[in-house]
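Reader: I'd like a quick tour of this one, please. Could you take my questions one by one?

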Amino acid sequence: MNGLSDVRLSLRAGELSERGTGSIRGGAPEISRWGRFWLRLQTRRRLLELDEWQLRDIGLTRRQAHEEAFKPFWR
C-alpha cells in the first residue's frame, strides 16, 4: 500500500476502535488506549508528508493537515 492508503486505513481503524466495536473487520483484536494514542500520533505526522495532490484527494488543505498533525496525541 502507499502512504495515503495507510493513513486512511489507520484513521478508519482508530474510529472503529473508539466507538467500542471491539473489532475491526473480521474480528481483529481491539487496540489498547496507548495503541490508539500511538497510532493517532503516527498517522497525524504522516499527514505532513503528503503533497498537495494527495491532501486534495483526501479533502484536506495544507492548513488543516498542519492543524491535525500538531494536535496532542490524546485528542
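Author: W34 is exposed, at a relative accessible area of 62% (exposed is over 50%, buried under 20%, partly exposed in between, with a 1.4 Å probe and protein chains only). Before we go on: this is a predicted model, where local features need pLDDT of at least 70, side-chain atom pairs count only at pLDDT 80 or more, and totals for chains, interfaces and linings use all residues. Residues are numbered from 1 along each chain as its sequence is written, and side-chain values use heavy atoms, leaving out hydrogens and water.

Reader: Which residue forms an aromatic pair with W34?

Author: Rings of Phe, Tyr and Trp (its six-membered ring) pair if their centres lie within 6.5 Å; planes under 30 degrees apart are stacked, over 60 edge-to-face, the rest tilted. A search of the whole structure gives one such pair. Its rings sit 5.3 Å centre to centre with 85 degrees between the planes, so edge-to-face, and the partner of W34 is F37.

Reader: Is F37 buried or exposed?

Author: W34 and F37 are three residues apart in helix 2, so about one helical turn separates them. The relative accessibility of F37 is 16%, so F37 counts as buried.

Reader: What arc do the buried residues of helix 2 cover?

Author: The buried residues there are R36, F37, L39, R40, T43, R44 and L47. They lie on the same side of helix 2, because the arc around the axis, taken from the directions to the C-beta atoms, is only 165 degrees.

Terms used. Helix = DSSP H or I, 4+ residues; strand = E, 2+ residues; numbered from the N terminus.
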